[in-house]
Structure formats: structure tokens, C-alpha cells
Amino acid sequence: MSEESPSATSWPSVPGVASQTPVTAEELNAFAVGKGYTDEAKENYYLSHWTHILDGASRFSSFNWAAALFGLSWCFWRKLYLVGAAVLAAYLLVSFFLAHLFRAINPAQDPRAVLLVTDVAWAGLLVVQIALGVAANRLYLRRALATINKLRETVPDRSAYLERLRKKGGTSFLAFLVGVMILAAAYSRNPFAIP
């Protein structure tokens, strides 16, 4: 990226998302930072990683450690509810598979079976977490661009548009708590899956 200010930088076309006009760094910053955004805000984490994708330098921007560590809760924190639902489905699918595996190997006959199932559980969930960490920044960018395109069509006033963009983006502590409660509810009924 050049020495221009974030609001002056724009990308004429965005891979995978149709856009009629260039996307600006100001719009992406407003979405990513959310309600705490001001015009003087420095480039945030997401904008610095998204530029690699937007410039065509990389298909993936980088590994998102927060997404990998917090999984479903990170998705809800960043208001990626559909991605969160997919992550929950992956967790439950791993749990379902392990419950059937546990019943099939009969731990009463082989005490090592519990260790095997636990190891497989950790490996399965680790694969889900790593996949989310790899894809998270790109998934979040796609949501940002879809939101930008939708709001451009419905909110003609620039200041109102940026304000709506800040509200639609950013983070939600309440949604984060909902994500934690969903995980707690899902795993309280299934002792075979260990997040």
C-alpha cells in the first residue's frame, strides 16, 4: 500500500464480490472498527491484512489467531452469524461422529478407548479451528464488502452511510456471550466433544 491516507486508498475491483464503485479503505475501516471508528483512526488489523487480498497479492491474508483460538465465539463477536452457525455445525458433526465411535469401541472392554476417543476429539476440533483461522480474514472481508455494497444502494447520504456501516460492522459483546452460551449448551449434553 502506498503512503496515502486510509480514506484515499481504494480498490477498483474486489475478487469474488461484485461492486459497482471502488471500495475505499475508509469504508473498510469503518466496518471493521465499528462504533469506535474516527477519521483519524490508524489502519486497523483487518485493513492491513485485507490489502493483501484486495491487491491480488494473496488469496488468504494471514492466519487469524483470535478466530482459531475462540472459534464460534469469535464469529459471533465479529457478527459473522452464518459462519458461526457453520462452525457450530462442524463442532456438532465431530461430536456426533465421536459419540458413535465411542459406542462402537466399547470402553468397558478396552480402557484405552477413552484415550483414543479423546485424542480423536481434539484432532477433529483442532482441524475445525485451524480451518477457521486460515479462512477468517477472507470471510470477514466478504461480509464487509457485501455490507458495503448493500448499504451503498440504500443510504445515499455519506455521513449516514458511514454511521450505518459502523453499526453493521465492528464487534458485539452480547453476541459473543450468546456464542459462549450456545457452546456451553451444546457441549453440556455431549461429553465426547471437547472444545
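Mentor: Begin with the surface. The model is a predicted one. The chain exposes about 10700 Å², and carbon and sulfur atoms supply 65% of that area.

Trainee: What share of the residues counts as buried?

Mentor: Of the 195 residues of the chain, 43% are buried. The cut-off for that word is a relative accessible area under 20%.

Trainee: How many helices and strands does the chain have, and in which pattern do they follow along the sequence?

Mentor: There are seven helices and two strands. Read along the sequence, the pattern is β-β-α-α-α-α-α-α-α. For contacts in the chain with a separation of 6 or more, residues 24 or more positions apart account for 66%.

Trainee: How do I describe two helices that pack against each other?

Mentor: Two packed helices are described by the angle between their axes and by the distance between those axes. Take helix α2 (residues 45–54) and helix α5 (residues 112–154): the angle is about 90° and the axes are 10 Å apart. That angle makes α2 roughly perpendicular to α5.

Trainee: Which residues of α2 and α5 make the contact?

Mentor: From α2 they are Tyr45, Tyr46, His49, Trp50, Ile53 and Leu54. From α5 they are Asn137, Arg138, Tyr140, Leu141 and Ala144. By class, the contact of α2 with α5 has eight nonpolar residues, two polar and one charged.

Trainee: Next, salt bridges. What is the rule, and how many are counted?

Mentor: The rule asks for a side-chain nitrogen of Lys or Arg within 4 Å of a carboxyl oxygen of Asp or Glu. By this rule the count is four. One of them joins Arg158 and Glu26, with the closest N and O atoms 2.6 Å apart. The pair links distant parts of the chain, since Arg158 is in helix α6 (residues 158–168), Glu26 is in helix α1 (residues 25–33), and 132 residues separate them.

Trainee: Which partner does Glu27 have?

Mentor: Glu27 forms a salt bridge with Arg152, and their closest N and O atoms are 2.7 Å apart. Glu27 lies in helix α1 and Arg152 in helix α5, so this pair ties together parts that are 125 residues apart in sequence. Glu27 is buried, with a relative accessible area of 2%, while Arg152 is partly exposed at 23%. Glu26, Glu27, Arg152 and Arg158 are linked in a network of salt bridges.

Trainee: How far apart in helix α6 are Arg166 and Glu163?

Mentor: They are three residues apart in helix α6, which means a separation of about one helical turn. Arg166 is buried, with a relative accessible area of 12%, and Glu163 is partly exposed at 36%.

Trainee: Back to α1. How many of its residues are buried?

Mentor: Helix α1 is mostly covered, with eight of its nine residues buried. Besides Glu26 and Glu27, the buried residues of α1 are Ala25, Leu28, Asn29, Ala30, Phe31 and Ala32. After α1 comes Gly34, whose phi is positive, near 80°.

Trainee: What should I make of a positive phi?

Mentor: Most residues other than glycine have a negative phi. With that in mind, look at Lys79: its phi is near 65°, a positive value in a residue other than glycine. Lys79 lies in the loop between α3 (65–77) and α4 (81–105). Lys79 is also buried, with a relative accessible area of 11%.

Trainee: One last exercise, on distance in sequence and in space. How far apart are Thr118 and Leu98?

Mentor: Thr118 and Leu98 are 20 residues apart in sequence, and their C-alpha atoms are 8.7 Å apart in space. Thr118 is found in helix α5 and counts as partly exposed, at 26% relative accessibility.

Notes. Residues are numbered from 1 along each chain as its sequence is written. This is a predicted model: local features need pLDDT of at least 70, side-chain atom pairs count only at pLDDT 80 or more; totals for chains, interfaces and linings use all residues. Side-chain values use heavy atoms; hydrogens and water are left out. Axes are lines fitted to C-alpha atoms, for helices over the stretch in contact, and angles run from 0 to 180 degrees between N-to-C directions. Helices (H or I, at least four residues) and strands (E, at least two) are DSSP runs, numbered from the N terminus. Angles under 35 degrees count as roughly parallel, over 145 as roughly antiparallel, 65 to 115 as roughly perpendicular and the rest as oblique. Contact means heavy atoms within 4.5 Å. Ala, Val, Leu, Ile, Met, Phe, Trp, Tyr, Cys and Pro count as nonpolar, Asp, Glu, Lys and Arg as charged, and the others, Gly among them, as polar. Buried means under 20% relative accessible area, exposed over 50%, partly exposed in between (1.4 Å probe, protein chains only). Accessible areas come from the Shrake-Rupley method with a 1.4 Å probe; for residues, only the protein chains shown count as cover.
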